[in-house]
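Please consult the sequence and the structure shown below while reading.

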Amino acid sequence: MAILDTTSLTQMEFPTAATLKLPPLPIKRPLLLIGHGTRDAQGRQALLNFAAAYAALDSSRPVLPCFLELTGPTIQQAVEQCVERSYIELSVLPVMLFAGRHSKFEVPNELDRAKTRYPQLKFHYGHHFGITPQIIELWRSRLAQLDYPEYNPRQISRSDTVLLFVGCGSSDPDANGDVYKIARILWEGSGYSTVETCFIAITYPKLEEGFRRARFYQPKRIIVLPHFLFTGVLMKKIIKSTAQQQEQYPDICMICLPEMGLHPQLFSLLREREIETQQGLVQMNCEMCQFRLIGVK
């Protein structure tokens, strides 16, 4: 059995200003969008496309994309562009799913470096995407589409299906715990046999162990849900591993969902996060953050 192509699930959701109505911005302040960064050219372009699409929804202020590491433009280069354009105040949003080391520690450090060079600048740093109704609805709508005959030709029931939720993996236990939380929220009331959670990098259980645990329930179908915003090295590794599992276990239908991509729910969420930076409403749940706990000791 060949693995089903699910790329069309992202192609039907590209939003435009005419189809997606966003609440107005209280302040027309430039926005700096910071992605993690990747050595994968398609992954890098995905963030740039995401920023361009978001900017096209509202041209009342500039949107400048940049990356924390691995590729450019870097945060410092983007800040230099802002200085050249005489911007003094900036909203800054991490285009990241969870509050791990990158959004809690490394991005703020880069902003502090920039302020040392340009003390006239004022940054209004916003919240990561997190666990939100928009993202839950995004994945529920994608999973609902997998019940259609074109993606489920054998009409395998949800009760015979295991959901395998794949996170990136972090050195921050707080972020890894959020991966388990969102996986559980998605599974509750879904009708799937069970959900297994695993990671593709840094922490455990790894993807291979996730597949082994999923097969333990003797399912007729395994749906792999990579909790990723964009494509990249890790996303492609998950797709490849799913195809290998399909070859190794042909009696189990394996299907891998694509990354979130340019989904309307993400742009709605991003607008909420941008408005929060302008109204001073940003709240971080850092009680379990290892960096805070280390500082308390």
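**Aromatic rings in the predicted model**

Tyrosine 54 has 0% relative accessibility and therefore counts as buried. The model is a predicted one, and its aromatic pairs number 5. A pair of aromatic rings is described by how far apart the centres lie and by the angle of the planes.

**The pair of phenylalanine 50 and phenylalanine 267**

- Phenylalanine 50 and phenylalanine 267 form a stacked aromatic pair, with 4.8 Å centre to centre and 20 degrees between the planes.
- This pair links distant parts of the chain: phenylalanine 50 belongs to helix α2 (residues 41–56) and phenylalanine 267 to helix α9 (residues 264–279), 217 residues apart.
- Phenylalanine 50 and phenylalanine 267 are both buried.

**The pair of tyrosine 54 and phenylalanine 267**

- The ring centres of tyrosine 54 and phenylalanine 267 are 6.0 Å apart and the planes meet at 10 degrees, so this pair is stacked.
- Here too distant parts of the chain are linked, since tyrosine 54 is in helix α2 and phenylalanine 267 in helix α9, 213 residues apart.
- Phenylalanine 267 counts as buried because its relative accessibility is 0%, and the value of 0% for tyrosine 54 places that residue under the 20% cut-off for buried.

**The aromatic cluster**

- One aromatic cluster is formed by Phe50, Tyr54, Phe230 and Phe267.

**A charge over a ring**

- Lysine 206 has its charged end over the ring of tyrosine 204, at 4.7 Å from the centre of that ring.

Conventions
Residues are numbered from 1 along each chain as its sequence is written. This is a predicted model: local features need pLDDT of at least 70, side-chain atom pairs count only at pLDDT 80 or more; totals for chains, interfaces and linings use all residues. Side-chain values use heavy atoms; hydrogens and water are left out. Rings of Phe, Tyr and Trp (its six-membered ring) pair if their centres lie within 6.5 Å; planes under 30 degrees apart count as stacked, over 60 as edge-to-face and the rest as tilted. Helices (H or I, at least four residues) and strands (E, at least two) are DSSP runs, numbered from the N terminus. Buried means under 20% relative accessible area, exposed over 50%, partly exposed in between (1.4 Å probe, protein chains only). A charge sits over a ring if NZ of Lys or CZ of Arg is within 6 Å of the ring centre and within 35 degrees of the ring normal.
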